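Student: Could you walk me through this one? I'd like to know where the labels come from.

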Amino acid sequence: MDAERILVDIMLERMITPAGPPPSTMAAPMAAVPVPAAQSPPALPAKKAPSHARKVWGMLGSVLYYLFLLALLAGVLVYSRGGGNSSFFGYRYYNVLTSSMQSVYPQGSMVFVHLTDPKEIQVGDDITFYRDPTTVITHRVIEIVPDLDGQGTPGFRTKGVDNALADRDVVLGANVVGTVSLSIPALGFLFSYLRERFWLAALLLILLTATVRVFRSLLRREKKHSKSGAGAPFKYRGKTHEKGCY
């Protein structure tokens, strides 16, 4: 009986006592370990958009180029149809055919003549005049005759700068076209050549324009390709490859 009572007391004692290790021996809570945040891939540099000024200059260059082609075609057409009798904004233009003014206007130059009142012409001016109905001369004025015909019309003694002697005849003011304002070397040769082959020249200019457009397009494509970078992926036959050498 005593043994049974002792066993019952032990069992009751165990049921009342809380389970688990004493407080002093309990493990301390574990500290939270920070989880590193996922790193995003580095951002690619943004493509630099072309500046507004660059676009404007590009458009202006194209406009000037096409205006030049149109002006050249129009000038050759007028020159071929009317010779030197057609005027543009008070100017006429002539091809220099001889060497009498070689040091000033070389043979083959184009001279642009401003239609001028004979009374405004002075000594030292280079004038263009009709020697006869079919011959046009450009020489320098060396002397002015105030009243050549007795009616107040001035006359002009002229001389080619590279000629040894002055012109024999005095130029009547009524035969003067005007004074030379501008000359462009070799342009007269070009106009004379194109005048005889106008439609061929027009075709060549059209082909030149098309060639320039194609070349500029290829150049822009090449620049765009070079700016894309050597490591940018591209797809070929459904697979992704890396640009560069292997």
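Tutor: Here is a short tour of some labels and the values behind them. This is a predicted model, where local features need pLDDT of at least 70, side-chain atom pairs count only at pLDDT 80 or more, and totals for chains, interfaces and linings use all residues. Residues are numbered from 1 along each chain as its sequence is written, and side-chain values use heavy atoms, with hydrogens and water left out.

Student: Why is Ser-192 called buried?

Tutor: Its relative accessible area is 15%. Buried means under 20%, exposed over 50%, and partly exposed in between (1.4 Å probe, protein chains only), so Ser-192 counts as buried. You'll find Ser-192 in helix H3, residues 187–196; helices (H or I, at least four residues) and strands (E, at least two) are DSSP runs, numbered from the N terminus.

Student: What makes the pair Ser-192 and Asn-95 a polar contact?

Tutor: Their side chains come to 2.9 Å. A polar contact is a pair of N or O atoms within 3.5 Å; within protein, one must be able to donate a hydrogen and the other to accept it, and residues adjacent in sequence count only if both atoms are side-chain atoms.

Student: What makes S1 and S6 edge strands?

Tutor: The open sheet has seven strands in the order S1-S2-S7-S3-S4-S5-S6, with antiparallel pairing. S1 (91–95) and S6 (171–172) each have a single partner strand, so one side of each lacks a neighbour in the sheet.

Student: Why is the pair Arg-140 and Asp-126 called a salt bridge?

Tutor: A salt bridge is a side-chain nitrogen of Lys or Arg within 4 Å of a carboxyl oxygen of Asp or Glu. The closest N and O atoms of Arg-140 and Asp-126 are 2.6 Å apart, so the pair qualifies. Arg-140 lies in strand S4 and Asp-126 in strand S3, so the pair ties together parts 14 residues apart in sequence.

Terms used. Pairing = 2+ DSSP bridges.
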